[in-house]
Amino acid sequence: KKFRVYVLRDFLFRNFSHFQPSPSSSSLTSSCTADITVLDVAGGRGDLSWILHNIDGINSIIADPRIPNHRRLLKSVHFLLNHPEEAKIRSVDGLPTHHPLA
């Protein structure tokens, strides 16, 4: 449940050609090759829209009556940016320490 927003993001990239990141992109700095906008219906805290916009460069609009709260997400992003050695460790897929944004 903790990483479900990343699972949905991966699903979008795997199954929709519009969501293909540019070949030179990497986590925390990627950009999408298509100029698209995503409507995030029932977006909750808005984490998916935040990630699509700020990490992947995809325009995203949240349709949810709740006010977005990215506190936990921003804390993770700041930690990974400020601790590159830890980000490198957490970027290894399949390990218990893996973090999708690393």
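Let's start with a pair of charged residues: Glu-86 and Arg-90 form a salt bridge, with their closest N and O atoms 2.9 Å apart. A salt bridge here means a side-chain nitrogen of Lys or Arg within 4 Å of a carboxyl oxygen of Asp or Glu. Keep in mind that this is a predicted model, where local features need pLDDT of at least 70, side-chain atom pairs count only at pLDDT 80 or more, and totals for chains, interfaces and linings use all residues. Residues are numbered from 1 along each chain as its sequence is written, and side-chain values use heavy atoms, leaving out hydrogens and water.

Why can such pairs form? Side chains of opposite charge can pair when their charged atoms come close. Glu-86 and Arg-90 are separated by about one helical turn because they sit four residues apart in helix 4 (residues 84-90). Helices are DSSP runs of H or I with at least four residues, numbered from the N terminus.

Now look at how open this pair is. Glu-86 is partly exposed, with a relative accessible area of 25%, and Arg-90 is partly exposed at 26%. The word covers the range between buried (under 20% relative accessible area) and exposed (over 50%), using a 1.4 Å probe and protein chains only.

Next, find Arg-45, which forms a salt bridge with Asp-47, their closest N and O atoms being 2.9 Å apart. Arg-45 is partly exposed, at 39% relative accessible area, whereas Asp-47 is buried at 11%.

Another salt bridge joins Asp-64 to Arg-66, with the closest N and O atoms 2.7 Å apart. Asp-64 counts as buried, at 16% relative accessibility. How many salt bridges does the rule give? The count comes to four.

Conventions: Helix = DSSP H or I, 4+ residues; strand = E, 2+ residues; numbered from the N terminus.
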